[in-house]
Each structure stands twice: as structure tokens, then as C-alpha cells.
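Hello,

Here is the structure I promised to hand over. My notes follow below it.

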Amino acid sequence: MSDLNVASDAKVDAAATVAATAVVLSGAVIGPDTVIEPGAVIREGVTIGTGCLVGENAVVGREPRLAAHSRAQGRETGATVVGDGVSICAGAIVLAGAQLADGVVIGDQAHVRERAVIGAGSVVGRGTTIDNDVVVGSGVRIQTLVYITTGSVIEDDVFVGPGAITTNDDSMGRHDGSVPLKGATLRRACRIGGGSVLLPGVEIGEEAVVGGGAVVKHDVSPRTVVVGVPARRIGTVGDDELVENWR
Ligand SMILES: CC(C)(COP(=O)(O)OP(=O)(O)OC[C@H]1O[C@@H](n2cnc3c(N)ncnc32)[C@H](O)[C@@H]1OP(=O)(O)O)[C@@H](O)C(=O)NCCC(=O)NCCS
């Protein structure tokens, strides 16, 4: 490990590996058996636990650069904390104040914004964006190129298929800043089909299913299957499909 690429006040465990072309900035803490691959940047004050991987060119703990009109302006980001056994894959960007619990996987080129919280064992797929302040539970599987917008909450064991989109602003910017953004609420173990669009403020009930390509305008009751544009009910999730049978 070169002294040039690791700040003198960073605490890198003797059993960690930092590539010569990686950078570890002031006050960062890197736990044992963690590997920081070439080109990765660990920003000031980030804490990374035991047995993690930070892949090539990933960035952890970067402060956001916000537009002047951004709703996220003026808020402290807080500590960036990465638990044990976390993988932050190549080119992923994790902004300051994000918290990744044990066993989380952040796929290649994914983007996790400031103060987002990702629960234990959850997976964020390749190129997916998790916006600022989003809360994701444990055991959640979010696939490739998904967009989870600000104001969304995702409970444990939810599945989100590739390319699904959540939204939070029906006016699309034509209101003053006092109007709250209303993201999606995805209740425990619901499943969201690929390419679906969840319009602002919808709640998808526990163990409900949204079909691929659906456009969801209204809340979906627990264990209800909806498909189409606009989404309509076509059935019920059977006992045999419940998540406890598939762990
Ligand atoms: C919603 C879904 C689970 C329903 O599967 P199913 O219970 O086997 O439903 P069926 O195939 O029997 O279809 C029932 C009816 O709904 C229609 N339908 C099913 N899925 C639909 C969808 N996504 N959009 C529009 N209509 C749909 C069918 O055409 C059929 O209509 P019909 O009776 O007029 O012929 C499935 O079709 C689906 O969309 N899966 C999502 C897959 C996905 O995105 N996975 C992500 C990981 S890759």
C-alpha cells in the first residue's frame, strides 16, 4: 500500500487491501479483509466494515452536487456507513450519508444517493438509481436499470423487476416547494414487474403483484395481481406463492 494514496489519518486495517491506484481520503476507516480495487475512491470519513469489496472506479461517500432548485438542498448528509460483507461493484457511486447494511450488493454502475438506507442482504441491480432519503428494507431484490424516486419506501422481501420506474410529482415541477413529493410505498414481499410505471403516491400492498409493463395509478390491495394500462385487477396471489415458501 502506498502512503501517497491513503490519507495519513485514514485507518486502514492491516488485513485490508487497497490498490495502488485507489484513493482513501481523510478519516476513512477500512475494516479487515476488505478489498479496495484499482481506481476506487473512498471519500472523507467513510466507514467500511469487514470483508467488503469496493470495485474498480467505484466512489463511496461523495457529497452530492445539487441543482439550485433541488428539494434536497440544505440538508446535512451525515455519516456514510458500509456494514460487513458488502459489495459495491465496479463504477457504482454511493453518495455521502448513505447507509448500507451487512451483505448488501450494489451492482456495477448503480447510484445510491445521499441518506438512502439499504437493509441487510438487499441487492441493487446494475445501473439502478436509489434516490436521496429512500428507505429500502432487508432481503429486497431490485434488478437492473430501476429508478426508485425520493419519497419511496420499500419494505422487506420486495422484488422489483428490470426497468421499473417510480415517480413522485404529478405536476412535473409546476408547483412551489411546499408541495410534498409522493413516492411509491412497496409493502412487504410485493413484486413489481419489469418495465412497469408506478405513478406518484401509489401503495402496493403486501404480497401483491404488478405485471410487467403496467401503469399503476391507484393503490393495489394486498395479494392482488394487477396488469395493464391503466392497471386492473386480474387475480389473487395464492398461498403457495407467498414469500415464506420461497426463502
Ligand atoms: C402478471 C403476471 C404475473 C400474470 O401471470 P399469470 O397469472 O400467469 O397470468 P396469465 O398469463 O394467465 O394472464 C392472464 C390474463 O392477463 C393478461 N396479462 C398477463 N400479464 C399481463 C401483463 N403484464 N400486461 C397485460 N396483460 C397481461 C393475459 O394476456 C391474460 O389475458 P386474457 O385472459 O385476456 O388472455 C405475468 O403476466 C407478468 O406480467 N409477470 C411479470 C414478469 C416480470 O416482469 N418479471 C421480472 C423478472 S424478469
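**Val-210 and its surroundings**

Beyond its neighbours within four places in sequence, Val-210 is in contact with Ile-192, Gly-193, Ser-196, Ile-204, Val-216, Val-220, Val-226 and Ala-231. Contact means C-beta atoms, placed from the backbone, within 7 Å.

Two notes on the source. This is a predicted model: local features need pLDDT of at least 70, side-chain atom pairs count only at pLDDT 80 or more, and totals for chains, interfaces and linings use all residues. Numbering runs from 1 along each chain as its sequence is written.

**Core**

The largest nonpolar core has 70 residues. Such a core is a set of buried Ala, Val, Leu, Ile, Met, Phe, Trp, Tyr and Cys residues joined through C-beta atoms within 7 Å; buried means 20 or more other C-beta atoms within 10 Å of a residue's own, with C-beta atoms placed from the backbone. Val-210 is among the members that touch the most others, as are Val-24, Ile-42, Val-94, Ile-106 and Val-112. Strand S12 (93–95) gives the largest share, three residues. Strands here are DSSP E runs of at least two residues, numbered from the N terminus. Domain 1 (1–63 + 79–139) and domain 2 (155–247) each provide at least three core residues; the bounds come from an automatic or database domain assignment.

**Sheet**

An open, parallel sheet of 10 strands runs S1-S4-S7-S10-S13-S16-S19-S22-S25-S28. Pairing requires at least two DSSP bridges. S1 (11–12) and S28 (203–204) are the edges, each pairing on one side only. S10 (81–82) and S13 (99–100) pair over two bridges. Val-82 sits opposite Leu-100 in S13.

Regards

Note on methods
Helix = DSSP H or I, 4+ residues; strand = E, 2+ residues; numbered from the N terminus. Buried ≥ 20, exposed ≤ 12 C-beta atoms within 10 Å, placed from the backbone. Contact = placed C-beta atoms within 7 Å.
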